[in-house]
Protein chains: 2
Amino acid sequence: MGDDDNSRGQGAPTINDVAALAGVSKKTVSRFINKSPLMSDATREKVEQAIQQLDYVPNPQARALALRRNFMIALLHDNPNGQTVLNFQKGVLSAIKDTELALAVRPVDRISPGLLADIESYLTKQRPLGVLILPPISERDDIVELCKRLDVAYIRIGSTALDDPANCVASNDREVVHELISAMLAKGLKRIGFVRGPEGFRSPIERESGFRDAFTDCGMPLEESLIAQGNYRFGSGLDAGRELLDRNDRPRAIFASNDEMASGVLHAAHELGLAVPGDLEVLGFDDTATASHVWPTLTTVHWPIEEMGRLAATKLVSEFLGNATHDCNLNQVVVPSHIVERASAKFH
Amino acid sequence: MGDDDNSRGQGAPTINDVAALAGVSKKTVSRFINKSPLMSDATREKVEQAIQQLDYVPNPQARALALRRNFMIALLHDNPNGQTVLNFQKGVLSAIKDTELALAVRPVDRISPGLLADIESYLTKQRPLGVLILPPISERDDIVELCKRLDVAYIRIGSTALDDPANCVASNDREVVHELISAMLAKGLKRIGFVRGPEGFRSPIERESGFRDAFTDCGMPLEESLIAQGNYRFGSGLDAGRELLDRNDRPRAIFASNDEMASGVLHAAHELGLAVPGDLEVLGFDDTATASHVWPTLTTVHWPIEEMGRLAATKLVSEFLGNATHDCNLNQVVVPSHIVERASAKFH
DNA sequence: TTGTAGGCGTTATCAG
DNA sequence: CTGATAACGCCTACAA
């Protein structure tokens, strides 16, 4: 009665139980678990049956000890934009769903002098299978060197390829901004304001380059006075918007290099009683939840951060994934962005 | 040359190295690690010195195997609102910062028939120290029963106390909504619209109760026709807003039971050319990032989800936290919300 | 108060 | 191809 366990009244079956039932040694079962090619089909069959019969699952803790590696992947980030992190997580989780893998989140402090020590401590203690590094810290070579030294696999995420194809995933910010601005230029708008992202990072540079290239390639002059500095936060977008709009020769369109700043620009427009898109068209970048919640809804670039998460995780732990891996090309680096036309700006 | 390691050229020092250096047995070192009281101060001292000298840190994987418990806490959720999850994570991480603990994220599918099996598989494989359960699945008793059966500690998060004080953290949605609506009523507004949350969950019920109680306690009649059904998503708020506002006797204020729906109501108002707060005042709940990005900025209730995360994590793993624990009362259950007055509605 | 022997469940070594 | 035997690093039981 109540003896619903197999063989022993104990907890889950171990490798020993499987070995006993299959009539082989532990090591042989271990070989099966680790997909060793050095096995006869006959024994492979026996072991497989025993495993199924016992409903055996290898104990991750024990494997972790023996392999000196935990069955988890860590997400390293220092990202002020929560939505981004969250969407990335979604992608990662969708990739490792149905596996024994766990996802751990590790925010770090980019400013702290103890950054490297903190990461080292985390990696040596948790010993993840690998780490996924989000921008902006994905740009730091010292962190990557640390991973190499500690023998922890890594994937760097960025707005441009930051490493060799096996170790990075990138979006094509520059190209898609080029496309976006070119469309506005083609429509006849000549004076387009721009709100820059923070200095010292890659994505703002890429997005700005796309902006500038569009003008160059269209043979249009670019007014430097229509470029305002921002820091990716709402407040900076608001300030930039006020600065660019509170003048007689205000631009007819403003591209902010992320949605949060674009929302700020929208606020500035509303304050000044400007109709969007009638008096002013506003463009953003990221396509976070905010983009479809603001008024008017934001025409923006969909930054495929979730897809990037999925690809990055797949690259990092492809050996743990089943056939799911075959759905995607492990050599792929760039996940293309695309433009989402909503109410705040039109291309026709 | 290059021999910058202590004692052995190997990797990190183990319990054996410490024991050897301190001149005691492994077990004695183990006792020190586990804060056993059965030690003389003299040996305690010796061991501590050896540990410091070697810069020894116990191997979490080995402990996990021996203790059958991983040094991580898992966040279980099925929450459509990303911001909430993210802010909760922040709180948890701030609590376990500077510890050896990791945070793992585990989204589940509330609808799936395999929900329980999925959670069971996750918990038995990962063996976290404990789980933090976010609403709405925190309301499910079967999940909690599962945790008990698997001997996994848990904390349930909710809009009201869902368990005994040691196992839950709650907000006071009902009270704060009561306060919010009472303030509007006191101001002279009599007809206030309401957008409900999805049926079958606790937080929508609490928020609706607060809404109704405010009318009752002020002796005001409540028009049922001013109550619209929503599902916590933007689109449902938009629909509800259109429904409530596209009539001659439209309400002068609308309270949506979360910010996302309130943004939808704002859109409906804009569509109809209504000035907010001139023609219509709008109130939300949550105080997510959206609330301060929409136009006009949303007067809302700050749902202290981050603080709840911090408290929940502290309760769950108080023994691993240093003096940080003393900063907060482990018996606390309710983390009070508070009203944030912004532009979309005024109380004066 | 401390130490010894054995176990946690898996993988690595190396001989057969 | 397969299997004893010894790690992996820590903890529990029991003995001293």
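Around DNA strand C there are 26 residues, with A:Ile15, A:Ser30, A:Asn59, A:Ala66 and B:Thr43 the closest; a residue counts as near a molecule or strand if its C-beta atom, placed from the backbone, lies within 6 Å of it. This is a predicted model, in which local features need pLDDT of at least 70, side-chain atom pairs count only at pLDDT 80 or more, and totals for chains, interfaces and linings use all residues. Residues are numbered from 1 along each chain as its sequence is written, while chains are lettered from A and ligands numbered from 1 in the order in which they are written.

**The surface near DNA strand C**

- At least two residues each come from α2 (26–33) and α4 (60–67) of chain A, and from α2 (26–33), α3 (41–54) and α4 (60–67) of chain B; helices (H or I, at least four residues) and strands (E, at least two) are DSSP runs, numbered from the N terminus.
- The largest share, five residues, belongs to α4(A).
- Sorted by class, this surface has 13 nonpolar, eight polar and five charged residues (Ala, Val, Leu, Ile, Met, Phe, Trp, Tyr, Cys and Pro count as nonpolar, Asp, Glu, Lys and Arg as charged, and the others, Gly among them, as polar).

- Strand β1 (residues 72–77) of chain B is largely enclosed by the rest of the structure, because six of its six residues are buried (20 or more other C-beta atoms within 10 Å of a residue's own, with C-beta atoms placed from the backbone).
- In a regular strand, side chains alternate between the two faces of the sheet.
- Here, B:Met72, B:Ala74 and B:Leu76 point one way from β1(B), and B:Ile73, B:Leu75 and B:His77 point the other way.
- β1(B) runs parallel to strand β2 (residues 102–107) of chain B, joined by six bridges; two strands pair if DSSP finds at least two bridges between them.
- Parallel pairing also links β1(B) with strand β3 (residues 130–133) of chain B, over four bridges.
- B:Ala74 is opposite B:Ala104 in β2(B), and its bridge partner in β3(B) is B:Val131.

**A four-strand sheet in chain A**

- Chain A has an open sheet of four strands in the order β7-β6-β8-β9, with parallel pairing.
- Its edge strands, β7 (227–228) and β9 (281–283), each pair on one side only.
- Strand β8 (residues 253–256) of chain A is joined to β9(A) by three bridges, and A:Ile254 stands opposite A:Val282 there.

Methods:
A residue is buried if 20 or more other C-beta atoms lie within 10 Å of its own, exposed if 12 or fewer, and partly exposed in between; C-beta atoms are placed from the backbone.
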